[in-house]
Protein chains: 2
Amino acid sequence: MHNGEIPPCDRILLAHGSGGLLMRNLIEKFFLRYLCSPELLPLDDAAELSLESTSIAFTTDMFVVKPIFFPGGDIGSLAISGTVNDLLMKGARPGSLSLGLILEEGFPLAHLERILESIRQTCDRAGVRIVTGDTKVVGRGEADGVYINTAGVGCILPQVKVSGANARPGDAVIVSGSVGRHGIAVMAERNGLHLRVPVLSDAMPMTQAVLPLLERFPKALHVLRDPTRGGVAATLNEIASSSGVSIVLTESTVPIDDTVSAVCDLLGFDPLYLPCEGRFIAVVEPSAAADIIAFLTSLDDCRDAAIIGEVTGSPSGEVHLLTASGVLKILDLPTGEMLPRIC
Amino acid sequence: MHNGEIPPCDRILLAHGSGGLLMRNLIEKFFLRYLCSPELLPLDDAAELSLESTSIAFTTDMFVVKPIFFPGGDIGSLAISGTVNDLLMKGARPGSLSLGLILEEGFPLAHLERILESIRQTCDRAGVRIVTGDTKVVGRGEADGVYINTAGVGCILPQVKVSGANARPGDAVIVSGSVGRHGIAVMAERNGLHLRVPVLSDAMPMTQAVLPLLERFPKALHVLRDPTRGGVAATLNEIASSSGVSIVLTESTVPIDDTVSAVCDLLGFDPLYLPCEGRFIAVVEPSAAADIIAFLTSLDDCRDAAIIGEVTGSPSGEVHLLTASGVLKILDLPTGEMLPRIC
């Protein structure tokens with residue numbers, strides 16, 4: 001057991017989680033190779049960070065998406081995007097991320113490498129670094145390949161005050177792009193649907209759109225939220241509930257890609273409940289809405305941005321949908337689970 | 001699916017992870033009931049924190065311990081202790097923690113409540129708060145009950161400079177208490193061993209010992225590390241490697257409880273490789289070692305603290321064990337896995 005030899009292997013062994021030689025090998029040959037940063041390198045129990053300010057955002061996300069590789073992304077790019085976006089939604093500049101992994105015994109090391117490379121690329125795009133991490137290995141049948149946790153910290157930008165509780169009657173509701181692509185991309189891959197035009201997940205870190213938005217319109221932005229699980233419908237319900245307002249959503253104005261619409265029609269999904277992983281909802285001062293749309297649509301990542309609704313005073317906590325046929329109906333929180341393990 | 005009714009149940013359903021009504025119910029009736037904090041309450045995508053300084057420690061840990069309840073603790077108290085201790089080992093005052101959960105479909109809600117209550121109590125003892133969280137649900141057979149991630153941030157104390165790379169020849173090596181209890185407690189519970197005197201896990205947040213230690217001896221402390229996976233042997237090897245020094249450990253001076261010794265003798269475990277979850281290794285200025293031991297042994301949590309070894313200059317990166325019989329042998333990193341899912 002202590003003889004210093006490492007057996008050659010191309011899969012994760014229980015001993016990779018032992019705190020011993022195989023684990024050190026995993027850290028040096030895999031984690032440090034892809035994710036080396038000055039903060040990670042000392043391999044201390046915690047990373048030491050020097051922040052720009054004392055007002056920070058702190059967030060955590062678990063990722064259990066199935067399958068782990070899907071059109072437009074994988075569990076690695078999804079994890080980094082999700083945590084970066086959560087920091088942005090709090091008005092913070094994403095800075096340092098932690099990476100926690102649960103690996104199932106037998107997981108191919110080639111898959112781990114592919115995920116780490118994807119994490120590296122997404123971190124580069126988002127301007128963030130992995131500064132600390134932890135990996136545990138569980139036996140066969142005790143997990144499903146790999147689960148990821150990413151937590152993150154970032155400094156909140158000066159003058160920015162965004163919160164789910166800050167929507168006010170009269171505010172405009174904006175979405176940054178077409179909705180539902182992530183949900184359809186993962187669902188199609190999982191179920192072996194062969195789409196003539198493949199739907200790529202929208203998963204991406206939104207740094208390049210949201211940071212300049214925060215800098216140009218610090219006071220006009222009241223709420224920022226990314227419509228992940230439960231989609232636009234769940235997110236608007238959370239905002240209405242936290243702010244004690246009502247929101248009217250105009251169905252015809254919500255940008256939806258044709259292929260996403262077609263798959264939804266075919267399979268009976270409502271795109272308003274499908275998760276996005278690279279889109280945000282902004283509730284903004286009405287006088288600034290047109291300028292914000294003009295700015296967003298000038299960016300590659302937000303070409304389809306649109307005003308999709310309005311905040312009203314009452315009934316508090318409710319979201320109403322003005323359908324394409326002119327009917328006003330309540331848009332509820334989902335009560336069941338349409339798409340388990342979608343993120 | 002959107003009819004607003006919640007089915008009564010005493011177990012986790014896939015829909016608890018949906019972003020819908022059942023998830024909101026889980027958050028309000030369970031998470032906020034046990035873990036309510038001003039930072040968590042807005043339920044935004046990230047928590048907003050005001051720190052005392054810009055020099056912080058940031059850490060993450062995954063917990064997959066099996067069984068989830070064991071003598072002296074459970075996966076909840078273990079998670080909080082582990083992350084709090086990692087921040088302390090970097091010379092930081094533990095402040096805010098995140099909580100990420102992966103729940104298996106069918107997991108009893110009563111177990112979730114017991115774990116949340118344990119998390120609450122351990123947070124109180126450690127003086128920290130859960131400020132942000134995320135929960136995912138996976139299908140039956142895709143996890144083993146519950147897995148936890150905790151990440152944490154804390155401000156580094158002024159004048160403190162501890163790192164695994166800071167051990168110097170001549171330094172004394174101290175352990176804060178008897179070793180190996182956590183490993184034996186979990187292993188005995190998992191295997192149904194009936195010990196006449198039960199071994200309780202040592203898992204605990206070490207705030208009450210380490211913070212005053214950092215305040216009294218800021219400059220004499222060179223390295224702080226908690227000997228978790230791989231135990232004292234792995235931790236000393238990491239220190240020797242990071243600092244480019246050699247360490248001589250004197251076997252007879254390592255405090256080990258009688259029952260732990262007896263179980264190790266019986267089953268062939270080496271207590272130096274067993275994980276602790278409420279102990280630390282300190283590498284200290286030799287002139288301060290006696291004062292540090294006097295201070296530690298005056299505390300309830302560290303009554304058995306002892307000097308167990310010494311740092312020497314070479315051979316760089318090696319740890320040597322001076323056995324009870326006077327033989328000097330190399331103490332390696334473990335290469336296999338003695339105790340999977342021990343934390």
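## A bridge between chains

Let's start where two chains meet: K161(A) and E48(B) pair up in a salt bridge, with N and O 3.3 Å apart. On the chain A side, K161(A) sits in the loop between β7 and β8 (172-175), while its partner E48(B) belongs to strand β1 (residues 47-50) of chain B. K161(A) is exposed, at 57% relative accessible area, whereas E48(B) is partly exposed, at 34%. Keep in mind that this is a predicted model.

D44(A) reaches R225(B) in another salt bridge, 2.8 Å from N to O. This pair links the loop between α1 (21-35) and β1 (47-50) of chain A to strand β9 (residues 221-225) of chain B. D44(A) is buried, with a relative accessible area of 15%, and R225(B) is buried too, at 2%.

Then there's E142(A) with K66(B), whose closest N and O atoms are 3.2 Å apart. Here a loop between β6 (129-138) and β7 (146-156) of chain A meets a loop between β2 (55-63) and β3 (69-70) of chain B. E142(A) is buried at 15%, but K66(B) is partly exposed at 31%.

Over all chains, the whole structure holds 38 salt bridges.

## Chain A as a whole

Chain A has eight helices and 14 strands. Buried residues make up 62% of the chain.

How values were computed
Residues numbered from 1 in each chain as written. Chains lettered and ligands numbered in written order. Predicted model: local features only at pLDDT ≥ 70, side-chain atom pairs only at ≥ 80, totals over all residues. Heavy atoms only, no water. Helix = DSSP H or I, 4+ residues; strand = E, 2+ residues; numbered from the N terminus. Buried < 20%, exposed > 50% of the residue type's maximum accessible area, 1.4 Å probe, protein only. Salt bridge = Lys/Arg side-chain N within 4 Å of Asp/Glu carboxyl O.
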